[in-house]
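Take a look at the model below. We will start with the overall layout and then move to the ligand.

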Amino acid sequence: MSLNQFKRQFSVSNQGLIHLNNAGLSLTSKSAADQVRYWVERFQQEGMHCNDDYMEAAEVARKHLAKLAGADSKEVAFFQSTAGAISQVAFGLEFKASDEILVWDQEYASNLYPWKAACDRSGAKLIRATSASDGSTPLEKLISCVTDKTKLIAVSWVQFQTGAMTDIAALAEFAKSRGIWTVVDVIQGLGLLPFDFHSVGVDAVCGGSHKWLVSPVGVGFLILKKERLADLKPLSVGAMTYGSCDDPSDLSCLPKFDATRFEAGAKQVLEITALGASCKLIQACGVELLQVEAYRLAHILREGLRSQGYVIYQPLNFQQAFVNFALPPSTASDFGREQIAHALAQNKISYALRGPGLRLSPHAFNSEQDIEFALRVLKRS
Ligand SMILES: Cc1ncc(COP(=O)(O)O)c(C=O)c1O
């Protein structure tokens, strides 16, 4: 599939909306939307007569997500949110009061509170590594906080405010030799950056459907190394924990031997099949192509803003689909964060107030015209 064909998946009715907060909530692809329509129609018409088909369709979706992430589908469990998937790991493991859990000081709350709560419950200590002064997240700084007590390191691959990245393959290599768990939130990267779960080597990744995976809100997922499956106690337990064991008088059932043991019951079929369709679409186009295009658009935006006098809260030559910017503090009084936000909102451009400035995050489906329009709106006469 060509890049233009990919872009056409997102050319919906022209309401004059410009979508530049894809790190928040991206547009849903046509392929994903078609799945939702298809399944709701079948549920409406067929009810139980489509029971086997919908279950099979959810498994096909699991395979598409697994393939995109370089994992085995038996390693994939669906949840309702990223926080749900992270919570499964945080509360499914047993920590001792002498343990330490290490995170960055700039993690999104869904990748912070589960670890904090796991520490509160067990008495373990939460250590928050200090990011570099420019907001970057170099591995050395994280590793300098590791002690003999470190039991688990939980970081985002790509940070939500500025797109700062942690070298998770090197992290996994470091942690593995010390028996430390590595759990990575990949929601801000998967779908846009090439990723291969097995070669990266972390123990678990968690993510969600509605950002770079161009799918509706409502699916979180956990991908867990096969050899770690048995270490994690299922948090939610129900009929589906035990596969085909439907007989409530038989209490001898064992949980399933793959990651679906973490899915206690019926699933959100519409959202899961939509996610599967988008994962398939992304692979048909090629993640690399999408990455190049999103980076190109972000680069035009970043350089345009720089030339208009904005400060970019990212190093020179930074490559990411995230652009975090504001006016220099000395001039910000006449056109501060709030005024910039107002100008964007007035012109129907989605954005986020994040970290030191405002965050814009083009996806590969955006056009150069979107970027030029945003730059015109942000021009101060
Ligand atoms: C790093 C990161 N993790 C997770 C999420 C979403 O979490 P949840 O699916 O729990 O709402 C976001 C969304 O902004 C995020 O940026």
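Into which domains is the chain divided? This is a predicted model. Its chain splits into domain 1, made of 3-18 + 286-377, and domain 2, which covers 31-285. Taken over C-alpha atoms, the centres of domain 1 and domain 2 are 28 Å apart. The two domains also touch: 27 residues from domain 1 and 24 residues from domain 2 take part in the contact.

Now turn to the ligand. Where does it sit? The space it takes is the second largest pocket. Around the ligand you will find S81, T82, A83, Y108, S110, S156, F160, D185, I187, Q188 and K211. Sorted by class, this shell holds four nonpolar, five polar and two charged residues.

Start with D185. One of its polar side-chain atoms lies 2.5 Å from a nitrogen atom of the ligand. Next comes S110, where a polar side-chain atom is 2.9 Å from a ligand oxygen atom. Then there is Q188. An N or O atom in the Q188 side chain lies 2.9 Å from an oxygen atom of the ligand. Such pairs count as polar contacts because their N or O atoms are within 3.5 Å.

How much of the ligand's accessible area does the protein cover? On its own, the ligand has 400 Å² of accessible area, and the protein covers 87% of that.

Conventions:
Residues numbered from 1 in each chain as written. Predicted model: local features only at pLDDT ≥ 70, side-chain atom pairs only at ≥ 80, totals over all residues. Heavy atoms only, no water. Near = heavy atom within 4 Å. Polar contact = N/O pair within 3.5 Å; in protein donor to acceptor, adjacent residues only side chain to side chain. Areas by Shrake-Rupley, 256 points an atom, 1.4 Å probe, with all protein chains shown as cover. 1 Å grid on protein atoms, 1.4 Å probe; cavity = no way out; pocket = protein on both sides within 12 Å on 5 of 7 lines; lining within 4 Å. Sits in = over half its atoms within 2 Å of the grid points. Nonpolar A, V, L, I, M, F, W, Y, C, P; charged D, E, K, R; others polar. Domains from an automatic or database assignment. Contact = heavy atoms within 4.5 Å.
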